[in-house]
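Thank you all for coming; I would like to take a few minutes to walk you through one chain. Please have a look at it first, and then I will start with a question.

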Amino acid sequence: MMTTILTASLWTATLSAGLMAGVFFAFSSFIMNALGERPPDEGLAAMRSINRVILRSSFLPLFTFSSGLSLLLGGWAVWAWQSAAALPTLAGSLTYLLGMFACTGIFNVPLNEGLERAPAGEEATRFWKRYLKVWTRYNHSRTLASILSCGFFMAALLAS
């Protein structure tokens with residue numbers, strides 16, 4: 001029974017990390033570039049809208065669920081350290097929790113909150129240019145962490 005639950009959990013973690021990687025990849029590869037091509041007031045307004053809409057979409061439940069599952073799998077890996085799947089599971093969990101979840105909370109969310117309070121006029125233009133550069137840099141990190149986690153969870157599946 002435990003093997004079935006572990007296998008299902010690892011498959012779910014693999015798929016959810018891969019799905020999150022795809023969302024972040026879309027932002028890093030073309031969404032932020034497209035917003036950056038718009039006049040600053042338009043790009044800023046569009047990103048504000050995205051930030052509000054994403055919280056009411058299926059993104060937030062997936063974000064929360066995948067993070068919780070990674071935490072549980074990390075706990076399992078520590079508990080079952082002798083298992084062949086423990087090391088890649090722990091690596092996937094830590095990579096996801098630190099590289100995706102913590103990065104989001106420490107960097108991307110505060111930047112998004114600052115975007116809501118962004119000044120108007122010429123100062124908004126400077127803010128928007130900096131926001132695009134910094135937010136996207138951290139989003140690249142979230143993308144990479146999600147991809148790596150997906151790979152670690154796949155390795156754990158192969159080892160189990």
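Leaving aside its neighbours within four places in sequence, which residues is Thr136 in contact with? Before I answer, a word on the source: this is a predicted model, in which local features need pLDDT of at least 70 and side-chain atom pairs count only at pLDDT 80 or more, while totals for chains, interfaces and linings use all residues. Residues are numbered from 1 along each chain as its sequence is written, and side-chain values use heavy atoms, with hydrogens and water left out.

Now to the answer: with those neighbours set aside, Thr136 is in contact with Ser28, Met32 and Tyr131, where contact means heavy atoms within 4.5 Å. Thr136 has its place in helix α5, and helices here are DSSP runs of H or I with at least four residues, strands being runs of E with at least two, numbered from the N terminus. With a relative accessible area of 13%, Thr136 is buried, because buried means under 20% relative accessible area, exposed over 50%, and partly exposed in between, with a 1.4 Å probe and protein chains only.

Let me step back to the whole chain. It has five helices and zero strands, so that is what you can trace on the screen, and along its principal axes the C-alpha trace spans about 60 × 25 × 20 Å. Of the 160 residues, 44% count as buried, and among contacts between residues at least 6 apart in sequence, 78% join residues at least 24 apart.

Gly18 lies in helix α1, residues 2-37, and Leu148 is found in helix α5, residues 122-159; the two are 130 residues apart in sequence, and 9.1 Å apart in space, C-alpha to C-alpha. Gly18 is partly exposed, with a relative accessible area of 31%, and Leu148 is also partly exposed, at 40%.
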